Amino acid sequence: MTNATAAALISRSNRLGADPKNTNYAGGNTSAKGTETDPVTGEEIQLLWVKGSGGDLGTLSEPGLAVLRLDRMRDLTNVYPGVDREDEMVAALDYTLHGKGGAAPSIDTPMHGLVDAAHVDHLHPDAGIAIATAADGEALTGTIFGDRVVWVPWRRPGFQLGLDIAAIKDANPQAIGCILGGHGITAWGDTSSVCEANSLWIIDTATAYIAEHSSPEPFGAELTGFGALSEADRRAKAAALAPTLRGLVSTDSTKVGHFTDAPEVLDFLSRSEHPRLAALGTSCPDHFLRTKVKPLLLDLPAEASVEDSIARLQELHEAYRADYQAYYDRNRAADSPAIRGADPLIVLIPGVGMFSYGANKQTARVAGEFYLNAINVMRGAEGLSSYAPIDEAEKFKIEYWALEEAKLQRMPTPKPLATRVALVTGAASGIGKAIATRLAAEGACVVIADLDLATAQAAAAEIGNQDVAIGVQANVTVEAEVQASVDAAVLAFGGLDLVVNNAGLSLSKSLLETTVADWDLQHNVMAKGSFLVSRAAAKVLIEQKLGGDIIYISSKNSVFAGPNNIAYSATKADQAHQVRLLAAELGEYGVKVNGINPDGVVRGSGIFAGGWGAKRAAVYGVAEDDLGTYYAQRTLLKREVLPENVANAVFVLCTSDLSHTTGLHIPVDAGVAAAFLR
Ligand SMILES: NC(=O)c1ccc[n+]([C@@H]2O[C@H](COP(=O)([O-])OP(=O)(O)OC[C@H]3O[C@@H](n4cnc5c(N)ncnc54)[C@H](O)[C@@H]3O)[C@@H](O)[C@H]2O)c1
Ligand SMILES: [Zn+2]
């Protein structure tokens, strides 16, 4: 059962973390000190519960807490070797854990343990960081909070900062907390509710002071030509720039992207001071670990053409890389970890918005959220004074901190399709849904395109949250809807890598029964639809310069000839030849084009449920329910083919194991000799 002190800590943390004004995502930590009976001695002991490394306050639960013996944690001061070796204290914390210790203690644990208060909150509120990064932050702290809140000059988080804050609290018994220069706030209290109230008082007082005393235009006057484009134009330009941008920022490692045109971003980019401020970079340690020290800023007005913007972004990207390499070389120490890539993670486009990048969608999205935090911080600091983030050498020490490096090394190996973005047509049902599910399970971000928006979204929601899968409406026979679905993929995840032409339907009719409308429908959805999707997607793949895969779900019927199938099988044969034609054409861009020939996938298939199954069953003289088994008996392997079997083949085609294969068709039919490829 959860200790009552720990339970109160969790609910306080969840309340604080639920409001973005209080702290950034996964930023900050909270703690409580209390007692429990030692199972070994039966005696009462003092424990420290503190949010562990990683994790978010808003969703903190018991396993996210580190549990330490308070007396032993504090005994570490006796062996503390001084600030030059403070990092060694992190490993020493392991010897102060209680029981199994819970989550790994974070770097801020000493601050929580050493401060002599039963409850401590350390938070990264935008309003607090605004004061913390104002050039005259110390004076402002006095003006705003009197002696209730004390200024602590910037110091990298760690054991020494914990000692400093503990000493400050001892020397200032009237104080309820402090502003940590360049960083954030810490508050304390004798009870959980007093601590929470103190945190909120500091945040609300800072917010109110900024609102009341800020200069009217903290980011300067509006720049002519840098105002926001209309929403439609913003999205169109963002979608047009995204593929090239993703290719650029993936120079060192492939990344997933996130786009936002939040009003704060558009306002920042429309004002005269934005180039100076963007160059100053972010300040809170949490921020620039996610955003890199500074963003890449396009220095062209909103109306600049896509072509001019791309040309300029290419130049700026090269300059950014050189600049970042120089920053690394200037600051590196003998034992610094190797450079982690020189590409920007934040790209700002005036009039349009912001792209942010990461190794997966969640990381990319959070990087964007953090730059939004940084914009709020800069607005607050500039409104009262001027924005003065910590200097470059300190930023470097945090970015290339051995402890951060160790955290990165501990990250699980990425899944095989991590950083890949997939678009699967007709994926709200049957084979397409199984493909989308499998690709997502292997780490890809997935866009489900289907006729009905609600159904597509429902299928996406079954796979995961919007960082994993989204649903979009697209009738693949309509050029504009196909383009819109590709744009949606690019705006949701930064680009596109894997395209699966799966949308289809099937009419089983003899030649004499087949109407022109039947013929057109089959050919429009499958032959023309695949052409439209491949064309729109290939443009993205070519611009990204990251290769990619286009996969056609063709059919056994593309090679096998039987009765009552003229329209369906002819268009399947068309799709099959598109595979070969596009493999020949797109090879020079590193794009592989392959096909899958399934057969007899009855279970889960809307095609079979929608009448085709009944007709086929009638043709073969079996009950509709037995159709799967009937098909299985016709096969060489005597096995029923399931949607998952087709999905497996798509996955394998997308992996590096088939990196040298293009123009191939893989039968997934349990063996049908009449459909052997030769
Ligand atoms: N089931 C089989 O045995 C089998 C065998 C060989 C090939 N295939 C092919 O596999 C693909 C998927 O078939 P399934 O069995 O999963 O069928 P399904 O009916 O379960 O799924 C097809 C999906 O495509 C969508 N769709 C139809 N027309 C569309 C359009 N114009 N635009 C966008 N989406 C559209 C449908 O809404 C549906 O969600 C088809 O191309 C089919 O020809 C199926
Ligand atoms: Zn912090």
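Visitor: Which way do the residues of β17 point, and are they buried or exposed?
Guide: Gly 548, Ile 550 and Tyr 552 point one way from β17. Asp 549, Ile 551 and Ile 553 point the other way, and all are buried. Buried means under 20% relative accessible area, exposed over 50%, and partly exposed in between, with a 1.4 Å probe and protein chains only. Six of the six residues in β17 (residues 548-553) are buried, and the strand is mostly covered. This is a predicted model: local features need pLDDT of at least 70, side-chain atom pairs count only at pLDDT 80 or more, and totals for chains, interfaces and linings use all residues. Residues are numbered from 1 along each chain as its sequence is written, chains are lettered from A and ligands numbered from 1 in the order in which they are written, and side-chain values use heavy atoms, with hydrogens and water left out.

Visitor: What makes β16 and β17 a pair?
Guide: Two strands pair if DSSP finds at least two bridges between them. β16 (residues 498-501) and β17 have four, in the parallel sense. One bridge partner in β17 is Asp 549, for Leu 498. Strands (E, at least two residues) and helices (H or I, at least four) are DSSP runs, numbered from the N terminus.

Visitor: Why does one side of β9 and of β10 have no neighbour in the sheet?
Guide: The open sheet has four strands in the order β9-β12-β11-β10, with mixed pairing. β9 (256-260) and β10 (296-297) stand at its edges with a single partner strand each, so one side of each is left without a neighbour in the sheet. β10 pairs with β11 (residues 346-349) in the parallel sense over two bridges. Leu 297 stands opposite Leu 348 in β11.

Visitor: What makes three histidines donors of the zinc ion (ligand 2)?
Guide: Donors are N, O and S atoms within 2.8 Å of the metal (3.2 Å for Na, K and Ca); water is not among the atoms, so sites may look incomplete. The NE2 atoms of His 122, His 124 and His 183 lie 2.0 to 2.1 Å from the zinc ion. They therefore meet the cut-off. His 124 is in the loop between β5 (119-123) and α5 (126-132), and His 183 in the loop between β7 (177-180) and β8 (184-189), so the pair ties together parts 59 residues apart in sequence. Both His 124 and His 183 are buried.

Visitor: Why are α8 and α14 called oblique?
Guide: Angles under 35 degrees count as roughly parallel, over 145 as roughly antiparallel, 65 to 115 as roughly perpendicular, and the rest as oblique. The axes of α8 (residues 192-213) and α14 (residues 361-384) cross at roughly 55 degrees and come within 9 Å. The two helices are therefore oblique to each other. Tyr 209, Ile 210 and His 213 of α8 meet Gly 380, Gly 383 and Leu 384 of α14. Contact means heavy atoms within 4.5 Å.

Visitor: How do you know that Ala 130 is buried?
Guide: Ala 130 has 1% relative accessibility, so the label buried applies. Ala 130 is placed in helix α5. Leaving out residues up to four places away in sequence, Ala 130 touches Ile 210, Val 377, Gly 380 and Ala 381.

Visitor: Why is Asn 564 called partly exposed?
Guide: Asn 564 has 28% relative accessibility, so it counts as partly exposed. Asn 564 sits in the loop between β17 and α21 (566-586). Its phi is near 60 degrees, a positive value in a residue other than glycine.

Key
Axes are lines fitted to C-alpha atoms, for helices over the stretch in contact, and angles run from 0 to 180 degrees between N-to-C directions.
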